[in-house]
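Visitor: I would like to learn how to read a structure like this one, feature by feature. Where should we begin?

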Amino acid sequence: MNTRRQFVLLYRDYLFRVVDPELLSSHGTGDASPLLLQIVSLLLILSVAFTVSVPSFRGDASGLTILGSSWTFEHFLIATTMVTVGVLATLMWGSMFPDRLDVLVLAPLPVRPSTILWAKLAAIVTAIVLAIVALHIVVGVVWPPLLNTVDRPMTIPTLAPLPAMPPVGAAGIEAVLLQDLAHVRQTGVLAPGAGGGIAVGIRQRGEHRLFAIGAARPDSLFQIGSVTKPLTGLVLARLVEERQVAFDEPLRRLVPSIELAVPTRSEITVGDLVTHRSGLPGMPGDYRPIDPSNPVRGFDVNRMRAYLSRRGVDRSAAEPFRYSNLGYGLLGHALEERTGVDYETLMRTLVTDPLGMRDTVVTPTAAQRGRALQGHDFDRRRTPAWDLDALVPAGGLWSTAQDLLIWLDANLRPERTSPGTLASALRASHRPRAIGGGDERIGLAWMVDPTTGRVSHTGAIVGFTADVWFNPRTDTAVVVLANTGPGTVVSATTIADYIRARLSGATASALEEVTIAERGTIWSGAQLFAAHWAASLAAGLFVLFAFMGVQGVAVAALPRRYSQRLSPALQLAMFCLCIGLYFLQPMAVGPGRIADIQRTGLLATSPSHWFLGLFHVLSGSPVMLPLAHAAAAAFAGAAALTAVALVLAYVRTFRRIASEPDITPGRTHRRWLPPFGRRPQTAIVQFVIRTLARSPQHRVITAFYWGLGFAIAMIIVKVPRAAQLAAPLDSEAWREASVPLVISSLLMLMCTVLGARLASAMPRDLGANWIFRVLPVRGGAGFVAARRRALAVIGVAPVLALSTVAFSVAWPWPQALMHVAVLALTGLVLVELAIGGTQKIPFTCAYLPGRTRIHVTLYAIGALLVPLTVIAAQYERDALIDQRRLAALFAVLLGAWLLMRVRTAWLIAPGAEAAFDEEGDAPVSLGVWDTRREFPERVPAESKPIE
């Protein structure tokens, strides 16, 4: 038989054996066809689901909306493709390279080792490509044409990094900024006649610098948007210092003219409004703007009061951070009611006049209007100024860079610059009070970075952006104002980030623009379609080659008996890395995120961003060129690693499989597992642990449920902004993030116990059951105790260990230890629930009722447990600071555990012996290719028909 014919036959056989046979059910006889069919069906369902989730674009959508939605969805598809291939590569782990069966069966035949290797590689690549096609078969046809119909020419920052340079002082910033903005000043929004302008103010160690670029002048007025909020917070701080208001005073008392019911639970306070903890939305859900070009005009005080009257002032006891312009509008109105003075007068008398901020106003005078700049949106169109009406305290002030620099200087040196109670009010305004967005803390609107000490706030309103920050540690303050919308190369946030980088000597983003070409033609549609499929295939094959290369090189570098021990650990490590990267990375992508990635280094992000860059370069957009280069280099590196692994397999693996043993000799004097009771119980528990460590089938099942629990935990922790694992700044901060963390730990515990239960119910080797039949323990409590300890060791103990470390870092140690105790009792209850009353040893028989249907019931129970877990987590949060509730919680858990123990003992039949599954008398088959099926004409007539 020629080599080509051999390759075709082996390729066909391997294609239906790409999944590691040891991962199949013991009743599956090594046939992966049903499993592959189920995987393809699942991927097709996911493709349809993704299609339903495709973002829709309106014709009037802003450029930033289009960019953010399109980049995020494409990144989601690429990342999902990579994690899907990672899961499949985990299943294929033992089938990627020739095994003992291949060598012993095919070596005596005239088949070249290279033919076996190429057939294996072709089969695995084909299976992965088919999986990627199934995942994208619907969404990959719908998404590119939709993206092709909405894009229009857009000018955005290049997002490319500039090399770092020595720190530049306040006096030198203008020169380097003008140099790096040279192109934009000639042909961009800062060019003469274009109308764009920026004003910058810097204070560093007593040195002040104020300058303007483009159409702006140092005294030009800009609308500062949400930078108004910390000034409103300072008004509140002055009134608190004068004892006219208290931070913990209920909002209801400040607006007695509104009929508001007394809440039965927690209610909104003044402190909740100023720290965005009120639970109020950004705007009322039933509000409909009367003028789309001025969407908040008409939302006056009467409408705001009517909304509050309908909504009420109740809030959750642990309301998370939720940015609310409506909340600040209510705060300003409440202060007006309490003092009997309008907001503009309060701002002038309490803040701007004492500080000498003459150009910070709600309504500019005629002279000031002559210095006010015209705003421009993302697409450089002139925009009318918004009338904020009731929301003026949230974002309605006008100001200049000089005025705001005076204010920042006062924050840096309150005692030297501010008279009377203003100094203490300034200090109070930026003192951290609660958890803000992301990893930041929030003062009176100010966002505080606990790592760097920087205190900042940004503002964006139609046609204008503002960015102000100061850092007492470095004695630095910066204000940047721009009359352009967010996302442009000269937006205030972009320039402020650049200045911060130059002041510190870090890498900065390039201040240049690039135009994304208009789409909508047949050529652009074909280009987008090809780019999507090419990037998706490249991302998936990169993951496959990474798995193959790591396995092949690592295994070939060691003697076979040691490589067999290393391989399971590598398999789990690669699986956990793949799952972890998917769920830990931010899925949302925008210009700011891409600029940060390309500025801070490509290794600081996940590979899915690299292939997002590849997609954009292939589609004709140059904004992510460094990421595309990283994708090409990563793909080439993974392919080269796979090539090395194949060469090593050809040179060394074939010989070693046939000549070297698979296992290492035992060493009775070295015991790495402790005793778990009496000898029979210790034998069973150690058998369970060793089986889990050595059996790919059980290991992957357990890893799947661990990954599921980890994924659920990360989703819960990330969505409510509870990823606060850094040391808190005050003793009560841990409570604000406690509920998501408690929920995630409880659900992860449920998943690990469920995974241990399902994995231990699958037989490992029925032919070896005789080992346990000779044990002196025949059944009863001895086997139940062994199963109980085994489930506790592999399902509960790891979660307790991880939780002890995580919660000790995130919480005060008394509360952390109490929560670990709650987890331990909950784990014991779950273990008793999982044991039931069956008299069977783990991994020796299938003791799940119905065997293959029990998971449906378990998933249904899990769906019911999720809302109960939320309630339990909220109760535990309150119990951790209330001794009576804590005692009641421990009493309930102890009672549940004792009840489950009694149930388990009742289910055990007295005198019953352990049951074992029996093997049938069916002949054992090697599962190799049957020549009679391929060449039936050569079968003698007297031969038996093929069964």
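This is a predicted model: local features need pLDDT of at least 70, side-chain atom pairs count only at pLDDT 80 or more; totals for chains, interfaces and linings use all residues.

Visitor: How many helices and strands does the chain have?

Guide: Helices (H or I, at least four residues) and strands (E, at least two) are DSSP runs, numbered from the N terminus. Here the chain comes to 35 helices and 16 strands.

Visitor: What percentage of the residues count as buried?

Guide: Buried means under 20% relative accessible area, exposed means over 50%, and partly exposed is in between (1.4 Å probe, protein chains only). Of the 947 residues of this chain, 52% count as buried.

Visitor: What share of the contacts joins residues 24 or more positions apart?

Guide: A contact means heavy atoms within 4.5 Å. Among the contacts in the chain with a separation of 6 or more, 77% are between residues 24 or more positions apart.

Visitor: At what angle do α9 and α19 cross?

Guide: Axes are lines fitted to C-alpha atoms, for helices over the stretch in contact, and angles run from 0 to 180 degrees between N-to-C directions. The axes of α9 (residues 228–241) and α19 (residues 421–429) come within 8 Å and cross at roughly 125°. That makes α9 oblique to α19. The classes are these: under 35 degrees is roughly parallel, over 145 roughly antiparallel, 65 to 115 roughly perpendicular, and the rest oblique.

Visitor: Is the crossing of α9 and α19 left-handed or right-handed?

Guide: A crossing is left-handed if the near helix is turned anticlockwise from the far one by less than a right angle, and right-handed if clockwise. The crossing of α9 and α19 is right-handed. On the α9 side the contact is made by L234, A237, R238 and E241, and on the α19 side the residues include T421, L422 and A425.

Visitor: How does α9 pack with α13?

Guide: The angle between α9 and α13 (residues 325–339) is about 30°, with the axes 11 Å apart. This crossing is left-handed. K229, T232, V235, L236 and L239 of α9 meet N325, Y328, L331, L335 and T339 of α13.

Visitor: What follows α9?

Guide: The backbone angle phi is the thing to check here. R243 follows α9 and has a positive phi, near 65°, although R243 is not a glycine. R243 lies in the loop between α9 and α10 (251–254) and is exposed, with a relative accessible area of 77%.

Visitor: Where is R205 found?

Guide: R205 is in the loop between β3 and β4 (207–214). R205 is not a glycine either, yet has a positive phi of about 50°. With a relative accessible area of 60%, R205 is exposed.

Visitor: Which residues of α20 are buried?

Guide: They are A492, I495, A496, Y498, I499, A501, R502 and L503. Their cover includes α7 (173–180), β3 (197–204), β13 (464–471) and β14 (476–482). The 13 residues of α20 (residues 492–504) should span 18 Å, and the end C-alpha atoms are 18 Å apart, which agrees. G505 follows α20 with a positive phi, near 85°.

Visitor: How many disulfides does a search of the whole structure find?

Guide: A disulfide is a covalent bond between the sulfur atoms of two cysteines. With a cut-off of sulfur atoms within 2.5 Å, the search finds zero disulfides.

Visitor: Which residues does L146 touch?

Guide: Leaving out residues up to four places away in sequence, L146 touches V54 and P55. L146 lies in α6 (residues 139–150) and is partly exposed, at 27% relative accessible area. L146 and V54 are 92 residues apart along the chain, with their C-alpha atoms separated by 8.9 Å.

Note on methods:
Residues are numbered from 1 along each chain as its sequence is written. Side-chain values use heavy atoms; hydrogens and water are left out. The expected span of a helix is 1.5 Å times one less than its number of residues.
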